Amino acid sequence: KIRLTKGGLITNGQNQLIEIQVSATALAKVKQFEMVLQAEPNESFDLSGSEFVPAQPFISPPKSIEITSDGMWRTGGASISGEVNGDATLGTLKLKTGVGFDTAGNVLLQLDFFSIGPSSSDRDDYYKNDLSVGIIVGGE
């Protein structure tokens, strides 16, 4: 199971930092993971001011969130020091609200794809229809 948590996320406009913890349960021999997320509306966040900060032992490249060709966001982490088992925090999404963030409405951040496992050739892949994981960010 994967979970996005932070409780009620309320903000009052653009240039605000929102932190969302990403965690998973029942992990077995995990050394890497990948997530693809989608925000609706997409311009609600400023990705140049946003990042994914992986929890130890995972690491991510310096530009930890990349935009895919279809406008989704791709991020993840890998461990070079050992595997993770059991329940664990994978990291924290630190998202900066952008010009499209509307304080009168809500923004849906949805997990579209999640892949996890011990190596790039041995992973379990989960798609949007399998996951039903998302979080709503609302204005004050």
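Rings of Phe, Tyr and Trp (its six-membered ring) pair if their centres lie within 6.5 Å; planes under 30 degrees apart count as stacked, over 60 as edge-to-face and the rest as tilted. By this rule, Phe33, Phe52 and Phe58 form a single aromatic cluster.

The model is predicted: local features need pLDDT of at least 70, side-chain atom pairs count only at pLDDT 80 or more, and totals for chains, interfaces and linings use all residues. Residues are numbered from 1 along each chain as its sequence is written, and side-chain values use heavy atoms, with hydrogens and water left out.

## Overall layout

The protein contains one helix and twelve strands. Helices (H or I, at least four residues) and strands (E, at least two) are DSSP runs, numbered from the N terminus. Along the sequence the pattern reads β-β-β-β-β-β-β-β-β-β-β-α-β.

Of the 140 residues, 44% count as buried. Buried means under 20% relative accessible area, exposed over 50%, and partly exposed in between (1.4 Å probe, protein chains only). The protein exposes about 7300 Å², and carbon and sulfur atoms supply 46% of that area. Accessible areas come from the Shrake-Rupley method with a 1.4 Å probe; for residues, only the protein chains shown count as cover.

A contact means heavy atoms within 4.5 Å. Among contacts between residues at least 6 apart in sequence, 75% join residues at least 24 apart.

## Aromatic pairs

A pair of aromatic rings is described by the distance of the centres and the angle of the planes. The whole structure holds four aromatic pairs. In one of them, the ring centres of Phe33 and Phe58 are 4.9 Å apart and the planes stand at 90°, so this pair is edge-to-face. Phe33 belongs to strand E4 (residues 32-40) and Phe58 to strand E6 (residues 58-59), so that the pair links distant parts of the chain, 25 residues apart. Both Phe33 and Phe58 are buried.

Phe45 and Trp73 are also edge-to-face, because their ring centres are 5.6 Å apart and their planes meet at 85°. With Phe45 in strand E5 and Trp73 in strand E8 (residues 73-79), the pair ties together parts that are 28 residues apart in sequence. Phe45 is buried at 6% relative accessibility, and Trp73 is buried at 1%.

## Salt bridges

Side chains of opposite charge can pair when their charged atoms come close. A salt bridge is a side-chain nitrogen of Lys or Arg within 4 Å of a carboxyl oxygen of Asp or Glu. The count comes to six salt bridges. The table lists some of them.

| Salt bridge | N to O distance |
|---|---|
| Arg74 and Glu34 | 2.8 Å |
| Lys96 and Asp46 | 3.6 Å |
| Lys128 and Asp112 | 4.0 Å |

Arg74 forms its salt bridge with Glu34. This pair links distant parts of the chain, Arg74 in strand E8 and Glu34 in strand E4, 40 residues apart. Arg74 is partly exposed at 34% relative accessibility, whereas Glu34 is buried at 16%.

The side chains of Lys96 and Asp46 meet in another salt bridge. Lys96 lies in strand E9 (residues 84-97) and Asp46 in strand E5, and the pair links distant parts of the chain, 50 residues apart. Lys96 is partly exposed at 25% relative accessibility, and Asp46 is partly exposed at 22%.

Lys128 pairs with Asp112. Lys128 is partly exposed at 33% relative accessibility, while Asp112 is buried at 14%. Elsewhere, salt bridges that share partners join Glu34, Glu66, Arg74 and Arg123 into one network.

## Two residues in their surroundings

Strand E10, which holds Asp112, covers residues 106-119. Leaving aside residues up to four places away in sequence, Asp112 touches Val36, Leu37, Gln38, Met72, Tyr126, Tyr127, Lys128 and Leu131.

Ser48 lies in strand E5 (residues 45-54) and is exposed, with a relative accessible area of 69%. Its side chain is joined to that of Asp46 by a polar contact of 2.5 Å. A polar contact is a pair of N or O atoms within 3.5 Å; within protein, one must be able to donate a hydrogen and the other to accept it, and residues adjacent in sequence count only if both atoms are side-chain atoms. Ser48 and Ile65 are 17 residues apart along the chain, and their C-alpha atoms are separated by 8.8 Å.
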